[in-house]
Amino acid sequence: MNTLSYKTVSANKNTVNKEWIVVDAEGEILGRLASEIAKVIRGKHKPTFTPHVDCGDNVIVINADKIRLTGNKLGDKVYVRYTGYPGGQRFVSPKELLAKHPERIIEKAVRGMLPKNRLGRELFRNLFVYAGSEHKHEAQNPKPVKF
């Protein structure tokens, strides 16, 4: 048996093949969609996945304003942030967030599913979310994907 043909391939930023994909969020459930997007951004769907390298694809999400949340999460779920000042804790519900900034609800869900380190911050830059059905990445020839 020839053992030289079984070499482990470790990807680096020069050998990675990054693609552009478009995901339509209309009617999709937030958590299920976010977990699939995080998996694609991380590159775990590829056979050449390497944990310490950005080997995932660039993801464009359209129709973020038409995302669904199940149960009572639209009114009961709370996003918490802190301004840095005493008494500066701020709370916002998904209903309010969808009304003002619908793209942020998907960004928050995906960011929470990525690693909490330098690589995770770099991977998050591969996500582009738009509230409407138009996006500005036509030059990259993205492929439409249905999860």
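Trainee: Contact here means heavy atoms within 4.5 Å. Which strands does α4 lie across?

Mentor: α4 lies across β2 and β5. Its direction is at about 155 degrees to β5. Axes are lines fitted to C-alpha atoms, for helices over the stretch in contact, and angles run from 0 to 180 degrees between N-to-C directions.

Trainee: What sort of model is this?

Mentor: The model is predicted: local features need pLDDT of at least 70, side-chain atom pairs count only at pLDDT 80 or more, and totals for chains, interfaces and linings use all residues. Residues are numbered from 1 along each chain as its sequence is written, and side-chain values use heavy atoms, with hydrogens and water left out.

Trainee: How many helices and strands?

Mentor: The protein chain has five helices and six strands. Both are DSSP runs numbered from the N terminus: helices are H or I, at least four residues, and strands are E, at least two. Along the sequence the pattern reads β-α-β-α-β-β-α-α-α-β-β. The C-alpha trace spans about 65 × 35 × 30 Å along its principal axes.

Trainee: Now the open sheet. What's the strand order?

Mentor: β5-β2-β1-β6, four strands with parallel pairing. Two strands pair if DSSP finds at least two bridges between them.

Trainee: And which strands sit at the edges?

Mentor: β5 (127-129) and β6 (143-145), each pairing on one side only. On average, neighbouring strands of this sheet are turned by 25 degrees against each other, direction ignored.

Trainee: How many bridges join β1 to β6?

Mentor: Three, and these two strands run parallel. β1 covers residues 20-24. Ile21 has Lys143 of β6 as its bridge partner.

Trainee: Back to helices. What does α1 lie across?

Mentor: Helix α1, residues 30-42, lies across β1, β2 (58-62) and β5. It runs at about 155 degrees to β2.

Trainee: How many aromatic pairs are there?

Mentor: One. Trp20 and Phe128 form it, and the pair is stacked, with 5.4 Å centre to centre and 25 degrees between the planes. Rings of Phe, Tyr and Trp (its six-membered ring) pair if their centres lie within 6.5 Å; planes under 30 degrees apart count as stacked, over 60 as edge-to-face, and the rest as tilted.

Trainee: Next, β3 and β4. Parallel or antiparallel?

Mentor: Antiparallel, with four bridges joining β3 to β4. Arg81 has Arg90 in β4 as its bridge partner. Tyr82 stands opposite Gln89, also in β4.

Trainee: How many residues lie between β3 and β4?

Mentor: Six, and the two strands form a hairpin.

Trainee: Which residue in that turn has a positive phi?

Mentor: Gly84, at about 105 degrees.
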